[in-house]
Amino acid sequence: MSELAAVTRPPEPDFAAITTEELLVYRDAENRFRASGAARAILGEPDPAAAIEWRKIALPGRDLPVRVCRPARAGDEAGTGLPLVVHVHGGGFVGTAAQCDWTNSHVAARLPAVVVSVEHRLLAPGSSLADAADDGWDVLRHVLRQGAQWGVDPARVAVFGESCGALISALAAVRARDAGLELKAQVLVNPVADVTETMFDCPSIAEYAYSPSRALPLLRLFQRLAVPLGADAGAVSPLYADDLSGLAPALVVVPTQDAVADHGRCYAERLREAGTSVRLTEYPGAKHAFLTLPGVEPQAEAAQTEILAFLRAALAT
């Protein structure tokens with residue numbers, strides 16, 4: 001039986017009425033599809049010049065999978081290791097690092113760099129956004145502590161995330177500054193930047209609530225799972241961080257036909273006001289998660305090219 005026949009994509013559920021059990025069943029089926037060869041017509045073919053493998057990182061209380069992309073035939077550039085890009089995939093309650101092989105393999109092969117993509121804990125009852133944020137930060141610290149084993153240069157490090165992953169990456173950039181760890185860049189693609197009660201106040205939420213996708217029910221479920229009752233939503237909302245100064249230079253990529261487009265715009269403005277270098281680039285007509293959908297989103301390749309150029313300049317020796 002062919003993989004295409006064996007792995008089919010599940011229908012999108014009603015996120016406004018989904019139960020926990022239904023969510024877990026949908027998550028497993030959707031992630032199997034995203035990690036399959038059958039999905040590559042949508043998600044894109046990996047760069048053949050990159051080697052891709054799953055690894056596990058032993059962290060306190062858990063072993064966390066990461067998807068590692070590196071140049072297939074390249075040593076370090078100057079005896080000090082390759083640049084490190086810690087990537088966090090999109091999707092709060094569904095998603096896998098494998099869905100981002102197209103971009104991550106191209107980044108690894110063309111910079112060149114080691115790209116470590118975090119298979120973070122997905123949101124569910126008992127697993128909140130704070131847990132996923134800890135996964136991103138802990139992987140960054142772990143790889144840097146063992147930089148020689150990973151073949152990376154600890155002086156050339158960037159974080160890169162998409163959607164919920166961009167939120168996690170933005171939080172990691174703040175934590176890195178506070179810990180005295182110098183990042184060279186942060187790339188935030190269609191970021192969710194606010195999970196407080198003001199999350200839905202943006203004009204873009206109203207404009208794109210139900211078209212081109214049913215974003216509003218999905219975002220309401222995301223917020224409910226992300227911040228359990230009694231938790232501090234501001235602690236996991238980069239938009240409301242107390243201090244955004246002194247952070248790594250940022251590239252914020254915003255597809256305009258996206259319910260959270262204004263999240264990216266507002267966060268870029270807050271970074272600019274705080275004195276952090278930021279470039280905001282908008283892709284007219286592009287939809288949420290467009291970077292992971294080169295098979296159906298024509299602007300994905302242009303965005304990938306921009307991200308590569310930004311990282312190449314930031315991570316140069």
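Visitor: In this predicted model, in which hand of crossing does α5 pass α7?

Guide: The structure is a predicted model. Helix α5 covers residues 129-145 and helix α7 covers residues 164-178, and their axes lie 9 Å apart. Where α5 passes α7, the crossing is right-handed.

Visitor: How are α5 and α7 oriented to each other, given their packing angle?

Guide: The two helices pack at an angle of about 60°. Angles of 65 to 115 degrees would count as roughly perpendicular and those under 35 as roughly parallel. The orientation of α5 and α7 is therefore oblique.

Visitor: Which residues of α7 meet α5?

Guide: On the α5 side, the contact is made by L129, A132, A133, D134, G136 and W137. By class, the contact of α5 with α7 has 10 nonpolar, 1 polar and 2 charged residues. The α7 residues that meet α5 are C164, L167, I168, L171, A172, R175 and A176.

Visitor: Which strands stand at the edges of the open sheet?

Guide: The sheet has 8 strands with mixed pairing, in the order β1-β2-β4-β3-β5-β6-β7-β8. Each edge strand has a single partner, so one side of each is left without a neighbour in the sheet. Neighbouring strands are turned by 20° against each other on average, direction ignored. The edge strands are β1 (50-59) and β8 (278-287).

Visitor: Which residue in β7 stands opposite L188?

Guide: Strand β6 (residues 185-189) and strand β7 (residues 250-257) run parallel and are joined by 4 bridges. Opposite L188 stands a residue of β7, namely V252.

Visitor: Which strands does helix α11 touch as it packs on the sheet?

Guide: Another helix, α10 (residues 261-273), packs on the sheet and touches β6, β7 and β8, with its direction at about 150° to that of β7. Helix α11 (residues 300-314) also packs on the sheet, and its direction makes about 165° with that of β6. The strands touched by α11 are β3, β5, β6, β7 and β8.

Visitor: At roughly what angle do the axes of α4 and α11 cross?

Guide: W102, T103, H106, V107 and R110 in α4 meet A300, E301, Q304, L308, L311 and R312 in α11. The residues of this contact divide into 5 nonpolar, 3 polar and 3 charged. The passage of α4 across α11 is right-handed. The axes come within 11 Å and cross at roughly 40°.

Visitor: Which residue is joined to P112 by a cis peptide bond?

Guide: P112 lies in the loop between α4 and β4 (114-118). Its cis peptide bond has an omega of about -10°, and the partner is L111.

Visitor: Which residue is joined to P212 by a cis peptide bond?

Guide: P212 is placed in the loop between α8 (203-207) and α9 (215-226). The cis bond has an omega of about 10°, and the residue joined to P212 is S211.

Notes: Residues numbered from 1 in each chain as written. Predicted model: local features only at pLDDT ≥ 70, side-chain atom pairs only at ≥ 80, totals over all residues. Heavy atoms only, no water. Axes fitted to C-alpha atoms, helices over the stretch in contact; angles between N-to-C directions. Parallel < 35°, antiparallel > 145°, perpendicular 65-115°, else oblique. Left-handed = near helix turned anticlockwise from the far one by under 90°. Contact = heavy atoms within 4.5 Å. Nonpolar A, V, L, I, M, F, W, Y, C, P; charged D, E, K, R; others polar. Pairing = 2+ DSSP bridges.
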